[in-house]
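This report describes a single protein chain for a reader who is new to structural analysis. Please keep the sequence and the structure in view while reading.

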Amino acid sequence: MWTQCVEPRPFAARRLICFPHAGGSPYFFRSWSRSLTDHEVHSVCYPGRAERIAEPPATELVPMARRIAEAVRPLLDGRPTALFGHSMGAIVAYEVAGALEDEGLEVAHLFASSARAPRLMRPDPDAAAAWDEKSIAETLIELGGTDAELLRNPAFVELVMPYIDADFRMLASYGPHRAAPLRCPVTALVGDRDPRVDAGQVSAWKESTRGRFRMRTLPGDHFYLASEPPFAVIGEAWERETAGPGTSRRGGRPDPATGRG
């Protein structure tokens with residue numbers, strides 16, 4: 001199964017499909033449905049982890065995204081459905097959104113968290129080849145998503161390193177290939193102390209859509225959302241879409257952060 005839904009809500013007003021970071025699992029978003037009470041929250045499970053631990057990890061991002069798009073297609077049944085991707089998950093969500101739009105389906109919103117815009121990414125075979133257990137562990141500690149003590153536990157490393165390694169290599173091999181921007185609105189988010197992704201790289205997401213664009217800088221590092229999930233930002237985005245083109249929660253003025261409505 002490509003997605004998990006902890007609390008099905010067939011009568012919820014909206015759906016949110018969440019895409020984890022490199023080395024992440026659907027458990028990262030397990031608690032979100034408790035706060036997003038008007039959403040039915042689904043979390044993507046990549047191969048090689050969690051309930052899919054026996055499967056080999058994916059090695060190519062775009063083909064994996066197309067398989068995810070096929071799996072989530074039934075969820076786009078007329079109820080507004082948004083995609084939220086964190087770090088590598090933002091790129092996967094972007095590719096899934098594009099694949100769905102190519103089929104004529106409507107994605108209500110894309111939230112791209114802690115990720116450089118796709119147009120800034122280029123395949124880097126040298127970087128992909130250079131990843132090893134030591135460099136991956138150092139990067140995980142720098143980003144703040146993994147307890148350093150866990151990375152000194154051989155049993156933990158033996159369990160998680162195969163799919164973390166595969167994710168890092170898959171992301172290093174990714175390059176943009178879509179010629180047309182998305183139709184759906186995009187909100188790009190970044191922590192103000194992110195050691196790997198800066199505001200300029202995040203603001204470049206505006207070139208990825210013909211729809212509304214907004215950028216939000218939030219307190220925290222690369223994993224700012226672990227302690228303070230951006231539920232308010234998600235809610236504001238829905239309100240802006242309900243308000244219609246050219247309006248905002250500030251009384252109908254264009255968003256001063258972007259110059260766009």
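The sections below treat the overall fold, the nonpolar cores, the cavities and several individual residues.

## Overall organisation

The model is a predicted one. Its chain contains nine helices and seven strands. Of the 261 residues, 53% count as buried. Among contacts between residues at least 6 apart in sequence, 82% join residues at least 24 apart.

## The nonpolar cores

In soluble globular proteins, nonpolar side chains tend to be buried together. In this chain, the largest nonpolar core has 51 residues. The residues with the most contacts inside this core are F19, I68, L83, V92, V96, L110 and W205. Two or more core residues are given by each of the elements β2 (14-19), α2 (61-72), α3 (88-102), β5 (109-113), α6 (154-172), β6 (186-191) and β7 (213-218). The largest share, 10 residues, comes from α3. There is also a second, separate core of 18 residues, which includes L218, Y224, V233 and W238.

W205 deserves a separate description. Not counting residues up to four places away in sequence, W205 touches A90, I91, Y94, L110, A112, A115, R116, A117, P118, V186, A188 and F213. One of these partners, L110, is also listed with W205 among the residues that have the most contacts inside the largest core.

## The cavities

How many cavities of 30 Å³ or more does the structure hold? There are two of them. The largest cavity contains about 70 Å³ of space. Its lining consists of Q4, C5, V6, P26, F29, R30, S33, V41, H42 and S43. By class, five of these lining residues are nonpolar, four are polar and one is charged. Strand β3 (residues 39-44) provides the largest share of this lining, three residues.

The second largest cavity has a volume of about 50 Å³. It is lined by H109, V186, T187, R212, F213, R214, A237, R240 and E241. The elements that give two or more residues to this lining are β6, β7 and α9 (231-243). Of these, α9 gives the most, with three residues. By class, the lining of the second largest cavity has three nonpolar, two polar and four charged residues.

## Cysteines and disulfides

A disulfide is a covalent bond between the sulfur atoms of two cysteines. How many disulfides does the model contain? The count comes to zero, where a disulfide would require a pair of cysteine sulfur atoms within 2.5 Å.

C184, with a relative accessible area of 2%, is buried. C5 is also one of the residues that line the largest cavity.

## Loop residues and backbone angles

Most residues other than glycine have a negative phi. A50 has a phi near 50 degrees, a positive value in a residue other than glycine. This residue is in the loop between β3 and α2. Is A50 buried or partly exposed? At 23% relative accessibility, A50 counts as partly exposed. S114 likewise has a positive phi, near 55 degrees, and is a residue other than glycine. S114 is placed in the loop between β5 and α4 (125-130). Its relative accessibility is 1%, so S114 counts as buried, because the buried class covers values under 20%.

S208 is found in the loop between α7 (199-203) and β7. With a relative accessible area of 6%, S208 is buried. Leaving aside neighbours within four places in sequence, S208 is in contact with Y94, P118, P181 and L182.

R34 is placed in helix α1 (residues 32-35). At 62% relative accessibility, R34 counts as exposed, because this class begins over 50%. R34 and E7 are 27 residues apart along the chain, and their C-alpha atoms are separated by 8.7 Å.

Key: Residues are numbered from 1 along each chain as its sequence is written. This is a predicted model: local features need pLDDT of at least 70, side-chain atom pairs count only at pLDDT 80 or more; totals for chains, interfaces and linings use all residues. Side-chain values use heavy atoms; hydrogens and water are left out. Buried means under 20% relative accessible area, exposed over 50%, partly exposed in between (1.4 Å probe, protein chains only). A nonpolar core is a set of buried Ala, Val, Leu, Ile, Met, Phe, Trp, Tyr and Cys residues joined through side-chain atoms within 4.5 Å. Helices (H or I, at least four residues) and strands (E, at least two) are DSSP runs, numbered from the N terminus. Contact means heavy atoms within 4.5 Å. On a 1 Å grid over the protein atoms alone, a cavity is a set of points where a 1.4 Å probe fits but cannot get out, and a pocket is an open set with protein on both sides within 12 Å along at least five of seven lines; lining residues have an atom within 4 Å of a point. Grid points are joined across faces, edges and corners, and a volume is the space filled by probe spheres set on the points. Ala, Val, Leu, Ile, Met, Phe, Trp, Tyr, Cys and Pro count as nonpolar, Asp, Glu, Lys and Arg as charged, and the others, Gly among them, as polar.
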